[in-house]
Amino acid sequence: MLDMNVKQRTISSEIAISGIGLHTGKIVNMTIKPAPEFHWYKFKRVDLAGAPVVAVDADNVSDTSRGTTISQNGASVSTIEHLMAAFVGLQIDNILIEIDGPEVPILDGSSKIYVEKLLEIGFVDQEADRDYYEIKDNIAYVEKDRKVEIIAMPLDGYRLTCMIDFNSPVLGSQHAAISNISEFKNEISSSRTFCFLHELESLLNHDLIKGGDLSNAIVIVDKEVSKEELDKLSGLFNKTVEVAHEGILNNIQLRYQNEPARHKLLDMIGDLALVGRPLKGHIMAARPGHAANAAFAKKIKAQIKRDKNRKNMKVYDPNMTPVYDTVQIMNILPHRQPFLMIDKILELSETHVVGLKNVTMNEDLFMGHFPGAPVFPGVLQIEAMAQTGGVLVLNTVPDPENWLTLFLKIENARFKNQVTPGDTIIFNCELLEPIRRGIARMKAVGMVGDRVVSEAELMAQIVKVKGN
């Protein structure tokens with residue numbers, strides 16, 4: 001269980017770490033520094049003009065082919081996942097990383113050295129409470145072609161479960177799990193990256209993994225290997241290379257029998273830092289990878305945005321005393337049954353209006369619109385929004401009965417949930433900018449209870465009725 005009242009924390013002092021980039025083969029120097037509350041994780045490319053900052057954010061992911069790369073402000077940082085996993089695994093909330101190159105050092109291919117360095121200097125609690133995002137409903141991500149499945153479920157804690165299956169007789173199916181993020185240091189952090197021998201050869205042929213020296217990766221042998229191939233690898237890495245009985249190159253000894261699965265779990269923890277907040281939930285993944293992890297992080301982030309918007313939306317009591325009832329609305333709008341779509345106006349100001357529509361089975365439209373499974377049409381929800389907005393616009397003229405509201409444009413219309421007989425829709429229309437020359441731009445949202453059912457941006461113009 002996570003203590004929801006725990007404070008955010010950063011590190012007590014800065015740390016300098018240098019190492020080689022796995023793919024660039026260049027020495028990179030990093031200084032990991034304390035950061036203020038609600039900062040999360042950010043890189044600063046001190047080797048570039050203006051020292052651009054790159055935030056660890058799902059919206060900044062630019063490449064996931066050989067690790068996770070983020071880009072912002074004309075700068076990029078790649079292979080960030082092992083360092084991010086160390087921060088998340090040690091429950092550190094706010095960090096600034098100054099780096100003088102495009103790639104985070106690979107070190108031993110795990111998070112172990114980062115964790116050790118961070119533990120050496122310790123942490124400092126900050127004033128603000130930790131900004132958890134709590135998974136309230138299942139969030140799922142699926143890639144059918146790759147058989148990838150990831151799901152986040154509600155849980156009072158942060159638990160992760162991972163299964164990998166590469167259809168390989170050597171590696172086979174493996175599982176790894178932690179029941180609490182506090183287990184990361186001892187159970188996951190030292191698990192190193194891995195690749196198959198055919199991938200290693202391809203990377204070498206494409207002039208990649210220049211920083212690889214066979215001390216920072218498990219190489220799984222998934223094919224028959226000739227002595228000539230082993231001799232070639234031995235020459236490239238200046239090390240005698242043989243195939244061990246576990247079906248891996250003899251470059252390193254496995255730290256765990258399921259070290260590849262544990263490393264995939266490590267990657268997942270690091271990649272989910274792209275959400276931008278610590279998580280509270282149970283994440284289960286089958287065959288995850290950097291691309292899927294990043295896409296899933298983006299999906300969680302989108303849900304956070306929806307939750308925030310919903311939280312900021314006022315829920316109205318349909319029985320409250322209205323500003324205008326139906327008769328008063330008909331004194332403003334020219335519409336009449338069956339095309340009058342608004343029953344009440346609940347709120348009205350210079351910049352917003354709230355209207356109510358009771359949807360009943362007695363309406364004429366249901367005789368022909370899905371009579372066996374009645375659904376209130378989306379196009380009529382837009383019309384109801386328009387009429388609600390019309391009350392707002394006509395409220396700006398002294399004799400509204402002598403004016404008409406003509407709609408010029410509808411943009412970004414979305415229908416998110418069905419509306420059926422018995423529902424009461426609340427339409428909230430707000431001006432996006434002041435009314436100029438009789439033209440109004442509005443953002444309109446329709447809700448049933450606390451559920452958003454429709455939304456759109458509308459543009460309307462008021463015109464005087466001829467002869468008046």
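Modeller: Begin with one cut-off: a residue counts as buried when its relative accessible area is under 20%. With a value of 5%, His-82 is therefore buried. Keep in mind that this is a predicted model.

Biologist: How many of the 468 residues of the protein chain count as buried?

Modeller: The share is 50%.

Biologist: Where does His-82 sit, and what does it touch?

Modeller: His-82 lies in helix α1, which covers residues 81-89. Neighbours within four places in sequence are left aside when its contacts are listed; among those that remain are Ile-106, Tyr-114, Thr-193, His-263 and Asp-267.

Biologist: Is the rest of α1 buried or exposed?

Modeller: The buried residues of α1 run from Glu-81 and His-82 through to Val-88 and Gly-89. That makes 9 of the 9 residues, so α1 is largely enclosed by the rest of the structure. Just after α1, Gln-91 takes a positive phi of about 55°.

Biologist: Which residues does the UniProt annotation "binding site" cover?

Modeller: The unreviewed UniProt entry gives His-82, His-263 and Asp-267 for that annotation. They are spread over 186 residues of sequence, yet they cluster in space, with a largest C-alpha distance of 9.4 Å.

Biologist: Where is Asp-267, and is it buried or exposed?

Modeller: Asp-267 is in helix α6, residues 259-271. Its relative accessible area is 5%, so Asp-267 is buried. Leaving aside neighbours within four places in sequence, Asp-267 is in contact with Glu-81, His-82, His-290 and Asn-293.

Biologist: At which residues does UniProt place the feature "active site"?

Modeller: The unreviewed entry places that feature at His-290 and His-369. They are spread over 80 residues of sequence and are also spread in space, up to 45.8 Å between C-alpha atoms.

Biologist: What can be said about the surroundings of His-290?

Modeller: His-290 is in helix α7, residues 290-311. A relative accessible area of 15% means that His-290 is buried. Not counting residues up to four places away in sequence, His-290 touches Thr-64, Gly-67, Thr-68, Glu-81, Asp-267 and Asp-271.

Biologist: What about a residue in a loop, such as Glu-401?

Modeller: Glu-401 lies in the loop between α9 (378-394) and β21 (403-415). From Glu-401 to Ile-332 there are 69 residues in sequence, and 5.3 Å in space from C-alpha to C-alpha. With residues up to four places away in sequence not counted, Glu-401 touches Asn-331 and Ile-332.

Biologist: Finally, how far apart are the mean positions of the positive and negative charges?

Modeller: The protein chain has 51 positive and 60 negative charges, and their mean positions are 3 Å apart.

Definitions and conventions. Residues numbered from 1 in each chain as written. Predicted model: local features only at pLDDT ≥ 70, side-chain atom pairs only at ≥ 80, totals over all residues. Heavy atoms only, no water. Buried < 20%, exposed > 50% of the residue type's maximum accessible area, 1.4 Å probe, protein only. Lys, Arg positive; Asp, Glu negative; His and termini not counted. Charge placed at Lys NZ, Arg CZ, Asp CG, Glu CD. UniProt positions renumbered as here; feature names shortened; annotations may be inferred. Helix = DSSP H or I, 4+ residues; strand = E, 2+ residues; numbered from the N terminus. Contact = heavy atoms within 4.5 Å.
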